[in-house]
Amino acid sequence: MYNDDMNEKKKELEINKQHREDYEKLMQESSTKLDGYWDKNNPFVKIVLFLLGALIVAGVGYYIYLFLNSR
């Protein structure tokens with residue numbers, strides 16, 4: 001009985017391992033060259049996001065300035 005349980009567990013582990021390998025293979029085949037491009041640690045992305053943030057802050061500041069001076 002103990003051997004049957006062990007054999008069944010080993011069989012389940014092998015099935016899980018095979019499914020994991022199939023999944024990883026499928027994910028690697030379905031990925032494109034641009035999947036890893038927009039990484040938040042990429043310097044280009046950091047520069048673009050910083051420029052967008054600066055533009056937003058400057059725009060909001062400009063409209064607040066216009067609002068306060070129109071009173």
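**View 1. R20 and E24 form a salt bridge in this predicted model.** The closest N and O atoms of the two residues are 3.8 Å apart, which falls inside the cut-off because a salt bridge is counted within 4 Å. Both residues belong to helix α1, which covers residues 2-30. They sit four residues apart, about one turn of the helix. An α-helix has 3.6 residues a turn, so residues three or four places apart point the same way. E24 has a relative accessibility of 44% and counts as partly exposed. A search of the whole structure finds one salt bridge.

**View 2. N42 caps the N-terminal end of helix α2.** A side-chain oxygen of N42 lies 3.1 Å from the backbone nitrogen of F44. The end C-alpha atoms of α2 are 39 Å apart.

**View 3. I56, V60, I64, F67 and L68 make a nonpolar surface patch.** The patch has an area of about 500 Å². F67 is placed in helix α2, residues 43-69.

**View 4. Tyrosines Y62 and Y63.** The count of aromatic pairs comes to one. Y62 and Y63 form this pair, with ring centres 5.7 Å apart. The planes make an angle of 70 degrees, and the pair is edge-to-face. Y62 counts as partly exposed at 46% relative accessibility, whereas Y63 counts as exposed at 58%.

Notes. Residues are numbered from 1 along each chain as its sequence is written. This is a predicted model: local features need pLDDT of at least 70, side-chain atom pairs count only at pLDDT 80 or more; totals for chains, interfaces and linings use all residues. Side-chain values use heavy atoms; hydrogens and water are left out. Patches are made of residues with over 30% relative accessible area and no salt bridge: like charges are joined within 9 Å, nonpolar side chains (Val, Leu, Ile, Met, Phe, Trp, Tyr) within 5 Å. Accessible areas come from the Shrake-Rupley method with a 1.4 Å probe; for residues, only the protein chains shown count as cover. A salt bridge is a side-chain nitrogen of Lys or Arg within 4 Å of a carboxyl oxygen of Asp or Glu. Helices (H or I, at least four residues) and strands (E, at least two) are DSSP runs, numbered from the N terminus. The expected span of a helix is 1.5 Å times one less than its number of residues. A polar contact is a pair of N or O atoms within 3.5 Å; within protein, one must be able to donate a hydrogen and the other to accept it, and residues adjacent in sequence count only if both atoms are side-chain atoms. Buried means under 20% relative accessible area, exposed over 50%, partly exposed in between (1.4 Å probe, protein chains only). Rings of Phe, Tyr and Trp (its six-membered ring) pair if their centres lie within 6.5 Å; planes under 30 degrees apart count as stacked, over 60 as edge-to-face and the rest as tilted.
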